[in-house]
Amino acid sequence: MMDMAVGIIIGAAFNKVIDVLVKKVMLPPLSLLSGNTKMGDMRIILKDPILAADGSVTKEEVAIGYGALFEAAIDFLIIGFTIFIVVKFMNRLMKKAEDTKDKTVSTPKNIELLTKLTDLMEEQNELLKVK
């Protein structure tokens, strides 16, 4: 349970880092390519806003905000790729830790006990075959 709590806290902090990375580092150069508009503000206007005589908006515009979707997609791709790399690394460490023949990494006690149990069962089977 504690591992899960730590994972959630680190995940929330990591989300903030990725958000800043995307919005402050990656999107400004992309905005230059698109004519100095912010990516989050990019949209397709379906219906213009209706203005009153005094200039106030009586009806809001109807628009498809594809820029915000683009930002969210970049966030998702970076977070997904990073999680993929972390899981791949953790699986490699777990596989190395579970290898009983590799003496460079200390084997967890449960794997060590299971290995000893397997060895004893093999010895017992060999003794039973001889008789």
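Reader: What should I know about the numbering and the model before we start?
Author: Residues are numbered from 1 along each chain as its sequence is written. The model is predicted, so local features need pLDDT of at least 70 and side-chain atom pairs count only at pLDDT 80 or more, while totals for chains, interfaces and linings use all residues, and side-chain values use heavy atoms, with hydrogens and water left out.

Reader: Why do Lys23 and Asp19 count as a salt bridge?
Author: The term asks for a side-chain nitrogen of Lys or Arg within 4 Å of a carboxyl oxygen of Asp or Glu. Lys23 and Asp19 meet at 3.5 Å, N to O, so the pair qualifies.

Reader: What makes Lys23 partly exposed?
Author: Buried means under 20% relative accessible area, exposed over 50%, and partly exposed in between (1.4 Å probe, protein chains only). Lys23 has 40% relative accessibility, so Lys23 counts as partly exposed. Asp19, at 26%, is partly exposed too.

Reader: How do you know that Glu61 and Arg43 form a salt bridge?
Author: Their side chains meet at 2.6 Å, N to O. Glu61 lies in the loop between β3 (57-59) and β4 (62-64) and Arg43 in the loop between α1 and β1 (44-47), so the pair ties together parts that are 18 residues apart in sequence.

Reader: Why does Asp75 have no salt bridge?
Author: For Asp75, which is buried, the nearest side chain of opposite charge is Lys23, 5.7 Å away. Lys and Arg count as positive and Asp and Glu as negative; His and the chain ends are not counted.

Technical notes: Helices (H or I, at least four residues) and strands (E, at least two) are DSSP runs, numbered from the N terminus.
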